[in-house]
Structures are given as structure tokens and as C-alpha cells.
Amino acid sequence: MVDAARKRASRNDRRRLIKRGMARFEVLGLDADRDLIRSLAKRLAEDDADAVQIRAAVSRAIASEPRVKGGILVALRHSPLVGADLNLARSRVTRRKLGM
């Protein structure tokens with residue numbers, strides 16, 4: 001019975017949130033940013049003039065970061081293994097038995 005009551009409470013809570021135009025979601029981040037993310041979410045949920053300004057500022061900050069193509073290649077070129085004389089050749093096996 002406890003599970004049914006919990007499910008009903010969660011369902012009712014979600015309905016109330018939807019009526020207010022809200023959504024519940026999970027965010028992954030650093031533990032040190034927990035309070036920052038929560039306070040940002042609370043301020044945005046107020047949906048007032050300050051929330052509009054905060055949305056615009058965060059959107060500008062995120063959009064201003066240019067996407068760079070070839071990021072993996074750049075990282076590999078800066079690897080400490082650059083210039084190391086590694087033998088990466090593999091022997092080629094044409095056939096092998098599969099035991100099925």
C-alpha cells in the first residue's frame with residue numbers, strides 16, 4: 001500500500017507542476033555546483049523580469065563558446081606520447097576457428 005500511495009503522490013505532484021508550466025528533470029554536474037544549479041533553477045522558475053535576464057545571459061554565455069572541429073585530433077597532438085617511438089603494428093590473422 002505504501003508503494004501505491006507514493007506513486008499516487010508523485011503523479012499528483014507532476015500534474016500540479018504541469019499545470020504551473022513546470023517540469024521535473026535530473027541534471028548531472030559537479031557536487032560543488034549543486035547550490036549554484038539549485039539557486040539558478042529557483043530563480044528561473046519565478047519567470048519574472050530577472051528570470052528573463054538570467055536566461056538571456058546564460059544563453060549568450062553558452063552560445064559564445066564556438067564549437068571547434070577536430071578537438072580529438074588537437075588533444076592527441078598535445079598528448080605526452082607525441083614523438084614516442086611506439087610500435088603499433090598488429091599481426092593480421094586471416095582466419096580463426098569459432099567454437100559454436
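**From values to terms**

Reply: L44 is partly exposed, with a relative accessible area of 24%. The model is predicted, and L44 lies in helix α2.

Me: Why is L44 called partly exposed?

Reply: Buried means under 20% relative accessible area and exposed means over 50%. The value for L44 is 24%, which falls in between, so L44 is partly exposed.

Me: What makes L36 exposed?

Reply: L36, also placed in helix α2 (residues 34–45), has a relative accessible area of 54%.

Me: How do you know that the chain is more spread out than a compact globule?

Reply: The chain has 4 helices and 0 strands, in the order α-α-α-α. Its radius of gyration is 26 Å, whereas the globule rule gives 13 Å for 100 residues; the value is well over the rule, and the chain is therefore more spread out than a compact globule. The C-alpha atoms fill a box of roughly 65 × 50 × 25 Å along the principal axes. Of the 100 residues, 2% count as buried.

Me: Why is the contact of R34 and D31 called a salt bridge?

Reply: The criterion is a side-chain nitrogen of Lys or Arg within 4 Å of a carboxyl oxygen of Asp or Glu. For R34 and D31 the N to O distance is 2.6 Å, so the pair qualifies. R34 is partly exposed at 43% relative accessible area, while D31 is exposed at 57%.

Me: What makes R43 and D50 a salt bridge?

Reply: The closest N and O atoms of R43 and D50 are 3.7 Å apart, which is within 4 Å, so the pair is counted as a salt bridge. R43 has a relative accessible area of 38% and D50 one of 39%; both values lie between 20% and 50%, so R43 and D50 are each partly exposed.

Me: How do you know that D47 counts as exposed, and how is R55 classed?

Reply: D47 has 54% relative accessibility, over the 50% required, and therefore counts as exposed. R55, at 34%, is partly exposed. The side chains of D47 and R55 meet in a salt bridge, with an N to O distance of 3.4 Å. By this criterion the count comes to 4 salt bridges.

Definitions and conventions: Residues numbered from 1 in each chain as written. Predicted model: local features only at pLDDT ≥ 70, side-chain atom pairs only at ≥ 80, totals over all residues. Heavy atoms only, no water. Helix = DSSP H or I, 4+ residues; strand = E, 2+ residues; numbered from the N terminus. Rg over C-alpha atoms; globule rule 2.2 N^0.38 Å. Buried < 20%, exposed > 50% of the residue type's maximum accessible area, 1.4 Å probe, protein only.
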